[in-house]
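Hi there,

Here is the structure I promised to pass on to you. Have a look at it first, and then read my notes below.

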Amino acid sequence: MEEKEKIKKRSIAELKSFIIRFLTLVAMIYVLVFIVFGIRISPNNEMLPRIRAGDLLFFYRLEGRLKSSDAICYHFDGEKYIGRIIGAPGDTIDIDDNGNVILNGAVLVEDDTRGKTDKYDTDVTYPIVLGENEFFILADNRTLAKDSRYFGIIKKKDIEGKIIIVIRKDNI
């Protein structure tokens, strides 16, 4: 009888140990996926040619130092977007009548964009001087993209993270 009780106690201890390890694993996965990293599917082609609709995006949420040219995930008015940081705190942004983006008085040379960077008929007025925790974000496919030309300045709190990996939809 004593041997059966030892086996039963050992089985209960092993079950408790398994449950604790399983819950620890679930907690670690939760922290990694929902706090440190994020996953999103690109909703549209606004970031062509580098990111296409349906591509799987992995982004890092804890990036403290965002800078110009970083591709990011952000939200505005409850909608989720992706874009590229053009201007960071302290920068002055302007868009001239020829569709040139002017960053701190110099025309920004961009190689991987599509379409002309036109101003939108919105309340956004240029030049824009970015304050602390403010960013100017443009999509790479400039034609009809919703970005800072449409929304205006994007606050750091609205930036979800820096895109670190793109997995093509057609290669999965």
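Helices (H or I, at least four residues) and strands (E, at least two) are DSSP runs, numbered from the N terminus. The axes are lines fitted to C-alpha atoms, for helices over the stretch in contact (heavy atoms within 4.5 Å), with angles from 0 to 180 degrees between N-to-C directions.

A word on the source: this is a predicted model, where local features need pLDDT of at least 70 and side-chain atom pairs count only at pLDDT 80 or more, while totals for chains, interfaces and linings use all residues. Residues are numbered from 1 along each chain as its sequence is written, and side-chain values use heavy atoms, leaving out hydrogens and water.

Strand 3 (residues 71–76) runs antiparallel to strand 4 (residues 79–87), joined by 6 bridges; phenylalanine 76 has glutamate 79 in strand 4 as its bridge partner.

Finally, threonine 122 sits in the loop between strand 7 (106–107) and strand 8 (128–129). Beyond its neighbours within four places in sequence, threonine 122 contacts Arg149 and Tyr150.

Happy exploring!

Terms used:
Two strands pair if DSSP finds at least two bridges between them.
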